[in-house]
Amino acid sequence: MKNIVTFINDLADNNNKAWFDANRNRWNDVRAEWAEFTEKLIAGVSKMDPLVSGLRVQDCTYRINRDIRFSSDKRPYKSHIGAYVCPYGKKSGFAGYYFHIESHLCDYIGRNMIAAGAYMLPPKELESVREEIYDNPEAFIKALDKAEGFDLTDNAKLTKCPKGFPADFKYVELLKYKSYSIGKGTPWDVLYSDGLYDWVMENFANCVEINTLLNRAIAYAREN
C-alpha cells in the first residue's frame, strides 16, 4: 500500500489539474493496484456474506475527481481512496464493508480505517432499523460486541429519544443514531504489511452479524 499512500499524499499537496496530468501514469498504476486489492476484498466478503455476490470493481470504488459544482471547495481531486463492498453495489444504500486510505492532511486520528454498517440512512430505512433494535436490542448489542474494536459513528446523533419510541426504553441511546455505521482505525504497520488483507478479512468477518441485521431491516422498509 506504500505506493498508494505516497500518491494520495502527493496529490493532497498538489491538488490541481496540471500536477495530476503530469502524474497520470502514477495514478494509472495506483488505480490498477487498488482495483486488484478491491477484487480480493469482493471475493473475500462474498464468501462470508451471502448477500454480497456478483459485484465488479467499479461497483465498489469511486472516482478520484470531486464533484465541485455546488461546493465552495474547488479542489478538483479527493485526498482519499476507498472501496465499499455491499449488496447491489455502493449506491444501493445497504449496509456493507468499507476500506479507506486518507492523506496526511487529514487531521483526525485513525484516518486510515475499515468500517461497516449503513451511513446516514433515509427516514424510512432509519425508522425500520430503530424498530429492529427496539424489538431485538440484545441481538443488536451482541452483533455490536462481535465487531470487536469497532465504534458506532456518533455524528448527528439525536439528543432526545426519536419520535414514536418510549423515552424510558432501557437502550434508548441506541435509537438516537442517524447512522448505524461502525469504524476502526488501520494501524500503519498493518497497512504496510503483507498481512493487511488477512487483517481486513478477519475484522470484516466480525461485522457480518451486524450488517445482516441492518440489511434485514433496510430490506423490510423497502418491501413495505
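**Ground rules.** I am working with a predicted model, where local features need pLDDT of at least 70, side-chain atom pairs count only at pLDDT 80 or more, and totals for chains, interfaces and linings use all residues. I number residues from 1 along each chain as its sequence is written, and side-chain values use heavy atoms, with hydrogens and water left out. I take helices (H or I, at least four residues) and strands (E, at least two) as DSSP runs, numbered from the N terminus.

**Entry 1: a helix pair.** I looked up how helix α1 (residues 2-13) packs with helix α3 (residues 24-48), and found an angle of about 135° with the axes 10 Å apart. That makes α1 oblique to α3. For reference, angles under 35 degrees count as roughly parallel, over 145 as roughly antiparallel, 65 to 115 as roughly perpendicular and the rest as oblique. The axes are lines fitted to C-alpha atoms, for helices over the stretch in contact, and angles run from 0 to 180 degrees between N-to-C directions.

I then listed who meets whom (contact means heavy atoms within 4.5 Å): Asn3, Ile4, Thr6, Phe7 and Asp10 from α1 meet Arg26, Trp27, Val30, Glu33 and Trp34 from α3.

**Entry 2: the strands.** I followed the pairing next; two strands pair if DSSP finds at least two bridges between them. Strand β1 (residues 80-85) runs antiparallel to β2, joined by six bridges, and Val85 has Tyr97 as its bridge partner in β2. β2 also pairs with β3 in the antiparallel sense, over five bridges, with Gly96 opposite Gly117 in β3. Strand β3 (residues 113-118) pairs with strand β5 (residues 180-185), again antiparallel, over six bridges; here Gly117 stands opposite Ser181.

**Entry 3: burial of β2.** How many residues of strand β2 (residues 96-102) are buried? I found seven of the seven, so β2 is largely enclosed by the rest of the structure. Buried means under 20% relative accessible area, exposed over 50%, and partly exposed in between (1.4 Å probe, protein chains only). Both faces are covered, with Gly96, Tyr98, His100 and Glu102 on one side and Tyr97, Phe99 and Ile101 on the other.

**Entry 4: Ser128.** I found Ser128 in helix α4 (residues 123-135). Ser128 is buried, at a relative accessible area of 8%. Leaving aside residues up to four places away in sequence, Ser128 touches Ala217, Tyr220 and Ala221.
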